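Student: Could you walk me through reading a structure like this one? I'd like the general idea and then the case at hand.

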Amino acid sequence: MFKRIKSVIFGSLVLLLLVNVNVVLAQGEALYKAKCMACHQIHKDGTGPKLFEVRKKWLDGGANAESIYTWVNNWEMSAKKDPYAQTVSTWAPIAMSNFPELKKEEIDAIFDYVDAQAPVVAVTPEVTDNEVVVEDKGPSTWFWVMIAIVLFVIVGVVSKVRRDLKNALSESKSGEEFDQSYSMELRTWAWENKKLVGLASLIIVVALIVLGFMDLNSIGIVENYQPTQPIEFPHTVHAGVNGIDCKYCHNSVTKSKTAGLPTVNVCMNCHKQINGRTSVQQEKIKNIYAAAGWNPEGAGSYTGKTKPIVWNKVHVLPDHVYFNHSQHVVIGGVDCKQCHGDMTKQKETARVLPVSELNEIEGNVKLTKPTLTMGWCIECHGEKEIHNGPLNGKNNGYYNEIHKRLLNNDKSLYDKYLKDGKVTVKELGGWECAKCHY
Ligand code: HEC
Ligand code: HEC
Ligand code: HEC
Ligand code: HEC
Ligand code: HEC
Ligand code: HEC
């Protein structure tokens, strides 16, 4: 009787403890998600360091037992009092927010929750707001290798069966053992089917040559090149939804050879105010603040600790080629879409679009050679009409001048140029090697 009561009491105590642990963990989870997750991840450094077993880390590092709680309430105070906290505060140019409202138990609840999350073994890709749907690239090489092996085995088995049948047949017919080796059999067969064998060999040789050439031809082609960027900058949000003009960020595109990329100050013109609505956005925009050395707390201030954003170049021509943006965009009147596609729809970072995708865009001159190759430049120069100056009322001082010069120089040549009703870039010298090569 007494024993039973004891075990009931013990059982209830254990139950109570379990419930209590769960309540604490749930509270910790809620607080962590509401207050810390914007900057901290559990097992990975982000804007702030990873938080897994951070209490142990502080104690092992020689911090006072209370310092970590003071840190969360007010990191500056903690840094003043404890040299360990002082070194932690130099971890990033961004300062941590203060949470004076959190009690010690609540902070412990957060850490308890964090420590209860087992380290992830298999890294799952992070889900972002504008998640990229991975295209189905069709069956892999392995698939074809498997198919080939299976076919080979089937052929082998079938021919073995056929041979056995044949052997049995000739044995039963003549009584003597049929003994022709595989290679002998094959040779006899090939001799009997000379034409077929010849044709098949020819086809195989031609196919190999064609494949080889296709491979050689694709050397130096950069279509679909899309390097990773320090910040996942989406053109859709900026040039698309918010309608920001390309020239606002690529401000030398009408004035010089290069289009130029924006400095972080250009980003800050807007992002001082815009820090993102979702945690994913905030996470990305934090990178801008880190680069600009901006502390968004309160009214915000510059800390002076900057680190430039190093964008990776996407469209790259070799050094021996001269290409000029203002010549194409201003004088030639070629739209950015013609060469870069519709950037207002580019959700991911920039990519070199294949010519097939460029051809789908309305108003583009249709080309066949791969983007950014010499063939591509030349093909367009052969097709693209320049404005006809006074002839069709599209007044452009530069072309008026050219038309006048052509007319005065050689009337018959000018008439020849205009026979198809247009003057192409080629006819103005757009195919001369020196125009594009230094
Ligand atoms: C605005 C971003 C931000 C938020 C929100 C934030 N932190 Fe931090 N935290 C940081 C940064 C940045 C550091 C690194 C210290 C530094 O460079 O100032 C840090 C450091 C820490 C450290 C020390 C880590 C170490 O490895 O020594 C702890 C502990 C910590 N934060 C706890 C919290 C908790 C708990 C919360 C939520 C209540 C929180 N932080 C919310 C940015 C943040
Ligand atoms: C808010 C600023 C901003 C606006 C507006 C903007 N861009 Fe960009 N653009 C960038 C940044 C930052 C990069 C570098 C990141 C990348 O490559 O995705 C970039 C990259 C590019 C690239 C690739 C550059 C390279 O390295 O080859 C092209 C092409 C481009 N932009 C075209 C455009 C066009 C066309 C428009 C207008 C429809 C436009 N951009 C509007 C900021 C902007
Ligand atoms: C003219 C204003 C303006 C400029 C300049 C600007 N942005 Fe933005 N940016 C915005 C707006 C508006 C949003 C959308 C915010 C939202 O959805 O709440 C945004 C969102 C973003 C996002 C989050 C996008 C997402 O949804 O994933 C990133 C990253 C970003 N900007 C990077 C940059 C970078 C890098 C630069 C400088 C090269 C820059 N921005 C310049 C206005 C601007
Ligand atoms: C006739 C084709 C063509 C047109 C039109 C064109 N670009 Fe480009 N763009 C290129 C090529 C080629 C490069 C690579 C240049 C290099 O590597 O020297 C490039 C590179 C860029 C870059 C990378 C930075 C740089 O300057 O090299 C940006 C940004 C860019 N273009 C934006 C634009 C914008 C914005 C427009 C429209 C106003 C535009 N481009 C129109 C062909 C074009
Ligand atoms: C979509 C069509 C198109 C493509 C693609 C194109 N161009 Fe052009 N290009 C033009 C037009 C239109 C002009 C005429 C501008 C003018 O009259 O000066 C021009 C003019 C030029 C000129 C000046 C020619 C002259 O007579 O002064 C050079 C150099 C040039 N392009 C180089 C290139 C290079 C290099 C590439 C490839 C990387 C290229 N272009 C790709 C349309 C194109
Ligand atoms: C409209 C511009 C343009 C003209 C005109 C032009 N080229 Fe090129 N050329 C290019 C570009 C762009 C490349 C780089 C292609 C690449 O990287 O795939 C190139 C590359 C080359 C190469 C290096 C081989 C290669 O494929 O990379 C040679 C050689 C060359 N050109 C010779 C010539 C000669 C000779 C002429 C005159 C008959 C000429 N080019 C006219 C734009 C031009």
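Student: Which residues are the closest to ligand 1, and how many surround it?

Tutor: First, some ground rules: this is a predicted model, where local features need pLDDT of at least 70, side-chain atom pairs count only at pLDDT 80 or more, and totals for chains, interfaces and linings use all residues. Residues are numbered from 1 along each chain as its sequence is written, chains are lettered from A and ligands numbered from 1 in the order in which they are written, and side-chain values use heavy atoms, with hydrogens and water left out. A residue is near a molecule if one of its heavy atoms lies within 4 Å of it. Here 24 residues surround ligand 1, and the closest are C36, C39, H40, K57 and M96.

Student: What polar atom of H40 lies by ligand 1, and how far from it?

Tutor: A polar contact is a pair of N or O atoms within 3.5 Å. In this case a polar side-chain atom of H40 sits 2.7 Å from a nitrogen atom of ligand 1. S89 uses a backbone N or O atom instead, 3.3 Å from an oxygen atom of the ligand.

Student: Which residues coordinate the iron atom of ligand 6?

Tutor: Donors are N, O and S atoms within 2.8 Å of the metal (3.2 Å for Na, K and Ca); water is not among the atoms, so sites may look incomplete. Here M374 (SD) and H437 (NE2) coordinate the iron, at 1.9 to 2.1 Å. The two are 63 residues apart in the chain.

Student: Is M374 buried or exposed?

Tutor: Buried means under 20% relative accessible area, exposed over 50%, partly exposed in between (1.4 Å probe, protein chains only). M374 has 54% relative accessibility, so it counts as exposed, while H437, at 29%, counts as partly exposed.

Conventions
Helix = DSSP H or I, 4+ residues; strand = E, 2+ residues; numbered from the N terminus. Polar contact = N/O pair within 3.5 Å; in protein donor to acceptor, adjacent residues only side chain to side chain.
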